[in-house]
Every structure is written in structure tokens, then in C-alpha cells.
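Please view the sequence and the model together while reading.

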Amino acid sequence: MMDRRTFIAQFTKAFGIMGFCSLPFAIARLLAPRVAEASESRIPLPGALADHNEFINACIGCGECGEVCPPRCIRFHMNDGGKEANTPYIDPVEKGCILCGLCMQVCPTEALTVTPIRDIRMGIAQIDQTACYPWVDRGLCGACYNICPLGSVAIRAEVRSSNLTAVPIVQSGCVGCGLCVEVCPEPSLPIRIVDYSLSTKKYTEKNSGKYKVESEPGQVNSATGELKY
Amino acid sequence: MHRTWQRHLNKLRWLMLSLVFGTLILLPFFHLYQTYLASHSYDLLLPKEKLVYDSMESLTAPFLSDPEKQLEAVKGTTWSGTWFGLKLSDPLAVISQASAGMKLYWPFILTAAIPLLFTVIFGRFFCGWICPATFAYELNDKLGMWLRQAGLPISQRRMDRRLKYLVLGIGAVLSAATGAVLFAAVYPPAIIGREIYYAVAVGGFGGGTVFFLLTLLFDLMVSRRGFCRYVCPGGALYALLGRYRVFRIQRNVATCNDCAKCNVACQFGLDPLRDGFGQECNNCTACIAVCPTDALRFELKAKDAVNQGPGHLGQLYRKQQQTSEKAEVQKI
């Protein structure tokens, strides 16, 4: 039976040792504080695990995805992000993903798994019909559907007979690569990538686990400016 | 006297460390070069980008016919990388990822199989021969030596070697609790590879650079090679895995002359003079290189010899002393 004095001394010593050993982790965490997101347009990588927390669990922060990315669209939480520190993301405002799939092949963990291009779910494009040039009848643009790597399954141009402009309409096949955001000439970026779950339409799970969209997602009512559900 | 070839291993080790460090610096530039090649737009590059393009072209053109594809062969860092189609990962990455996600993902675990096998055979060889942080830490140690010679009062505190095992354990528990791969942020080889890539290809250093500079200061001010010896969780893991390694440096008593140069050369503060290697030895071979009588060399042995006592000169001295004492006793 030890007396109180030795107990307190032993306890303090053990506490000090534990403190010293967790110091590196504390310092590392302080060096990567969680700050308010600079950009709202951060989207996950192609083939990333659907659940963001699972993705953080799986990513070891080796940076190999960024090192193989041909357009260098993959960025990292370099000195921010808290526990997301050193994990990758894509900012489509700066650079969109070209869906080459190299990052999925090179990732050593299950954070990025090889996925067929049409099954990738990085997000889905949404068009603000009150700002997009053709939608507000300010000329012919078509930058988004011309750059789209998936073509008419992802975004379609609908020609309007009244004024002969072709307005872009996002289709259910959009995987959210963000190339349309990158090239959109309108400064307020009426096209953006939103999370699939945040999209304005309901989805029904069908065979082979593919998402199937009941109707056209993410359109904003041109007359009222409200999101159509 | 015929001298052992093993004293040249230290030079080979420095060559290896420089190669790894140089490769880590070159890889981001190769990546930039590949992206410039992929974009087919040399004329649109900025002058400094053109400089990168030209220098990388002159580096690779004699060896590679299709650099855009062939440079894919070596990618990543020592934390996790691809090496001619072979995916290799640090065993610590596997441990931290498994504890963060609380599940096993076999394709990833298998990438650590080859490093694991080598560690079981050679012990902490990664620390001494590959780790890009060791390159910086050993140079830092030289700097510390100069500073001491210049008269700066630099502390050489000794701590408990077992602290790093606690760091490993606490890190695994914290990873499981927070669900993030925390070791990636405190493990210097992972930090260095990543930060070089950030600095060259992404632009600007991340928080890891500050952490690494802090560890350099810790080594310089508090304890010689203190981070590797007392804190590094990777070193702890390798020491545990290499406890029963097959290749180990051993002392030959018959040729040892007790000069104690090995104890001074050992940056890890081990005691080769008294056969005190243990699991901490990182096979850096500095003691072999410095030994004037080649008493230290690698041997195939699963266990360290226990203290074999003084070397041949010491034994001779003792014998002479004993005989002279006997003679004196006989005289009396």
C-alpha cells in the first residue's frame, strides 16, 4: 500500500509521460487547424468512398493521387482541415477532373477504388437558370455541354424554337467532374457541383447499385428563381 | 592486414540515402514535366515552366523514349508509392489506417508485405538506409557537433527509449478515436515526401514542414537524434518487428581493442563496445566504418551476444597484471 505522497508523485509522472507522448499529435493537429472552408466548391475525388468520414479513415495522405493527376486538379488540405489534413479534394472552379482514372488506379487504399466512369459519383451539376447566359437569353454560350466528357448523357442542349438559343439541361448521367464549372464564362458561376444527396431530385436505387434519376435534377425555375422539387 | 569490405557499407548507405532523397525531389518535377507533355502546349508555358520542361527533357531524353508514360513507373513517396508496378507501403501506414478505419483492407495490407519481410530480416534498416528524414537528421547531427565544437552549450539529454512505443500506442488509440490517419502528420518520412511534392508541384509548404523543423530543433537542442530514438512511432514499430532480426552487427572480442570509437560514432547512443546493440540499432554501419581493427561486422545471428567483456588488449592487460601480481606475491 503506497501512501498518498508517492501515489500523487507516481500519478503525476505517468501523466507527464502520457502528455509527452501525445505531444507530437497535439502539435501536428495545431499546425493543421480546422478553418472555415475557403471555397464551397470542394468536391471529392472520382471513385472516392461515398461516406466522407470513411474516406478520411481510409486515406493515408500519401499524395500519390496528386502526383499522377495529368491536369493537376487534385489539391490537398496542406495546412488546414483538422483531421482532414493531407487528404485530397478537387476544386472545380480552379481545375476540373478529366476522368482519366489514374488516381483510382494508383491509390493504395480503398479510399479511391477503380470505378467505371459512368458510375463515378463526385456530385452532380446544378444550373442557376436565372444567371446562365442562354437561360436568361443573353446569347449563345454552350461552354458547359461542349466541354462535357460524357456528352449528352450528362448535359444536354435543348434548342428553343422561340428564340433559337440552346439551353443546357443537366441529365442524370452527370458524374460531377466539374469541367463545366471550370469553363463557365459567367463570373457568378451559375453552374456548380453539389453533393448527390443535396441534389433537388429523389433517386431510386435500381439494379447493380446504380443511381437512377426519376426526372431531371437540379433545375431552377426560370420564372421564379426557385428550386424545382 | 586484410580488411573487411563491410567498412564501405556506410558510404553505400549515404549513396542510398542521397538517391532516395534526390528521387523524392525529382519526382514532383517529373510530374510537372509529364503534365506539360500531356497538355501539348510548350509555347504557352511560363518561362520558369519552360525551364522545368527543358531541364527535365535533357535529364530523361537519353534514357526514355516515351517519358509521359514511362515516368509513371516510379511514383509516390516512402510512405506509400509505386515502384515499377509494385505497390509498396510503410507498415506504419497500414497500422494507422487499420486503426483509423477499424477494419482490414487486404489489398493495402499486402503492399506492406515486402517492407515487413525486410524488417523482420534486417531490423530497423529502413531508418538507417532509406528514410529521407534520416538524411536530414544525420546532417543536422553534424551541425550540432560543429556547434558544440564552437562552444555552444547544447544539451544531450538522455531519455527512456521506451517512450516511442508509448507514442506508437497512443497514436493508434488516437487514430481509432478520431478516425483520422494521425501518424501521417507526425512521421517525418511521410512528411518529407509530401512536403517536397507540395512545395514543387502544388505551391507552398504545408503544416508538416513546421513540424519537421521542430523535430530538427529538438534533435539539436534537447537530445542527439532524439526524435528517432525517443519519439518516432515508425522507429518503434520497426524496432519491435526487428527484435529477432537475422542480420545484426556483432563485436568480435578477439580483435576489439576497446578504443570506444564505435560508441562515439553511434548516433543512437548505443553501446557497441559492450555488445549493447539491441532492437534499437538501425544498421547504419557507422561503427563498422569507424572501427580500426574491424572487430565489428554483420553476422547471421538471431540474438545479440551478452557482454563479452573487454577486447584483446584489455584481456592482455589483465593477464599481465595478474601475472605481475603473482610474481610480486612470489617475490615476497
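## Contact between the chains

Buried area is the accessible area, taken with a 1.4 Å probe, that two parts lose on being put together, summed over both. In this predicted model, the area buried between chain A and chain B is about 3900 Å². Carbon and sulfur atoms give 65% of that area. In chain A, the residues that lose the most area to chain B are A:Phe25, A:Glu67 and A:Met78, which together account for 20% of what that side buries. The contact involves 39 residues of chain A and 53 residues of chain B.

Polar links also join the chains. Between chain A and chain B there are 18 residue pairs in polar contact, counting pairs with both residues at pLDDT 80 or more. The count of salt bridges between the two chains is one. A:Glu110 forms a salt bridge with B:Lys103, and their closest N and O atoms are 4.0 Å apart.

## The side supplied by chain A

Four helices of chain A, namely α1 (4–31), α2 (52–58), α3 (64–68) and α4 (102–106), each supply at least two residues of the side that touches chain B. The largest share of this side, ten residues, comes from α1(A). Sorted by class, the side of chain A that touches chain B has 23 nonpolar, ten polar and six charged residues.

## Nonpolar cores

In soluble globular proteins, nonpolar side chains tend to be buried together. The largest nonpolar core of this model has 72 residues. Those with the most contacts inside this core are B:Trp79, B:Tyr187, B:Phe212, B:Ile249 and B:Leu296. Leaving aside residues up to four places away in sequence, B:Phe212 touches B:Ala133, B:Ala136, B:Tyr137, B:Pro188, B:Ile191 and B:Ile192.

## A buried arginine

B:Arg224 lies in the loop between α12 (207–221) and α13 (226–231) of chain B. Is this residue buried or exposed? B:Arg224 has a relative accessible area of 16% and is therefore buried, the cut-off being under 20%.

The side chain of B:Arg224 makes a polar contact with the side chain of B:Asp141 at 3.1 Å, and reaches the backbone oxygen of B:Val264 at 3.4 Å. Not counting residues up to four places away in sequence, B:Arg224 also touches other residues, including B:Met145, B:Gln156, B:Arg229 and B:Cys266.

Conventions. Residues are numbered from 1 along each chain as its sequence is written. Chains are lettered from A and ligands numbered from 1 in the order in which they are written. This is a predicted model: local features need pLDDT of at least 70, side-chain atom pairs count only at pLDDT 80 or more; totals for chains, interfaces and linings use all residues. Side-chain values use heavy atoms; hydrogens and water are left out. A nonpolar core is a set of buried Ala, Val, Leu, Ile, Met, Phe, Trp, Tyr and Cys residues joined through side-chain atoms within 4.5 Å. Buried means under 20% relative accessible area, exposed over 50%, partly exposed in between (1.4 Å probe, protein chains only). Contact means heavy atoms within 4.5 Å. A salt bridge is a side-chain nitrogen of Lys or Arg within 4 Å of a carboxyl oxygen of Asp or Glu. A polar contact is a pair of N or O atoms within 3.5 Å; within protein, one must be able to donate a hydrogen and the other to accept it, and residues adjacent in sequence count only if both atoms are side-chain atoms. Ala, Val, Leu, Ile, Met, Phe, Trp, Tyr, Cys and Pro count as nonpolar, Asp, Glu, Lys and Arg as charged, and the others, Gly among them, as polar.
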